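Please look through the structure shown here before reading on. The paragraphs below go with it.

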Amino acid sequence: MPDKTTTSATAASSSDRTTSGGRGGHAPRAGWKRVLLKLSGEAFAGREPLGIDPEVVQHVAEAIAEAVRDGVQVAVVCGGGNMFRGAVMAERGMDRGRADYMGMIGTVINCLALQDFLEKLGLDTRVQTAITMSQVAEPYIPRRAIRHLEKGRVVIFGAGLGQPFFSTDTTAAQRALEIGAEAVLKATQVDGVYDADPRKNPDAVKFDRLDYGEVLQRGLKVMDATAISLCMDNTLPIVVFDLMGQGNIVRAVRGEKIGTLVSPAQG
């Protein structure tokens, strides 16, 4: 999916938001009650360049199941980079809009894989897509998604925003706002945000906490600029953490200190 930007998102009404502490830039003492977990397509591939690694999906599903059984409402946005990258194909001459739609369809493959693993663990799940695919998923309807979460179901959002030129990071921010999530949890292949790529630079420095403005000014690779701006405008915290670390997803969902927290500047 692309890394272009959008300009607005619709926040959930106050009656649809959870009431366990709101958005103050850090987790409430009791932990988050409703979160949006962002999984990149690359994460689904594991160590392979393309495809789906069953061990990775099993790891993610087990962690989500543990969080749900703890009473946390979990929604997920899946990327599709392990299947198809529209921006790359557009650089090779393919129409950008068509390439992006192909990327959106790729995200749904990941959604269905995660759904299958979750249901084998006994969790009720619903896949909702921004492009109508009635044989395999529900259409994206915010209030229906919220109701599913309230009933303890995991809701998995696919097909991005349903329009080209938008990234799945932007989708994650927008969906989180519309369903009243308290935080976006971005699972990555490193254990937080660094001032350089720690896989290439052993002297890279990790940040424990950043404010949105610092991320934008430094050009740090947290999420694309639109996703950061949406979260900044709505004081929605972002937690960036290592997906495959043992227990990390559960720790992030519970609001424990982990990875890097991106939130409003401390007064």
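Predicted model: local features only at pLDDT ≥ 70, side-chain atom pairs only at ≥ 80, totals over all residues.

Residues are numbered from 1 along each chain as its sequence is written, and side-chain values use heavy atoms, with hydrogens and water left out.

Begin with helix 2, residues 54-69. Helices (DSSP runs of H or I, at least four residues) and strands (runs of E, at least two) are numbered from the N terminus. Helix 2 has 16 residues and spans 22 Å from its first C-alpha to its last, close to the 22 Å expected at 1.5 Å a residue; the expected span is 1.5 Å times one less than the number of residues. Its buried residues include Val 56, Val 57, His 59, Val 60 and Ala 61. Here buried means under 20% relative accessible area, exposed means over 50%, and partly exposed lies in between (1.4 Å probe, protein chains only). The buried residues of helix 2 pack against strand 1, helix 1, strand 2, helix 4 (96-120), strand 5 and helix 9 (248-253). Contact means heavy atoms within 4.5 Å.

Helix 5 covers residues 142-150. Ala 145, Ile 146, His 148 and Leu 149 are buried in this helix. Seen down the axis, the buried residues of helix 5 fall within an arc of 160°, so they line one face of the helix; the arc is taken from the directions from the helix axis to the C-beta atoms. Those buried residues pack against strand 1, strand 2 (73-78), strand 3 (125-129), strand 4 (138-139), strand 5 and helix 6. Just after helix 5, Gly 152 takes a positive phi of about 85°.

Side chains of opposite charge can pair when their charged atoms come close. A salt bridge is a side-chain nitrogen of Lys or Arg within 4 Å of a carboxyl oxygen of Asp or Glu, and a search of the whole structure finds ten of them. In one of these, Glu 150 pairs with Arg 147, with the closest N and O atoms 3.4 Å apart. The two residues are three apart in helix 5, which means that about one helical turn separates them. Glu 150 is partly exposed at 43% relative accessibility, and Arg 147 is partly exposed at 45%.

Another salt bridge joins Asp 169 and Lys 186, whose closest N and O atoms are 3.1 Å apart. Asp 169 lies in helix 6 and Lys 186 in strand 6 (residues 183-188), so the pair ties together parts that are 17 residues apart in sequence. Asp 169 is buried at 9% relative accessibility, and Lys 186 is buried at 10%. A further salt bridge links Asp 197 with Arg 199, the closest N and O atoms being 3.3 Å apart. Asp 197 is partly exposed at 26%, whereas Arg 199 is exposed at 58%. Salt bridges that share partners join Lys 38, Asp 169 and Lys 186 into one network.

In an unreviewed entry, a "binding site" annotation covers Lys 38, Leu 39, Ser 40, Gly 41, Gly 81, Arg 85, Thr 188, Gln 189, Tyr 194 and Asp 197. From this set, Leu 39 is part of the lining of the largest cavity. UniProt positions are given in the numbering used here, feature names are shortened, and annotations may be inferred rather than shown by experiment. On a 1 Å grid over the protein atoms alone, a cavity is a set of points where a 1.4 Å probe fits but cannot get out, and a pocket is an open set with protein on both sides within 12 Å along at least five of seven lines; lining residues have an atom within 4 Å of a point.

Ser 40 sits in the loop between strand 1 (34-39) and helix 1 (41-45) and is buried at 15%. Gly 41 belongs to helix 1 and is buried at 2%. Not counting residues up to four places away in sequence, Gly 41 touches Gly 79, Gly 80, Gly 81, Asn 82 and Asn 110.

Gln 163 is in the loop between strand 5 and helix 6 and is partly exposed at 45%.
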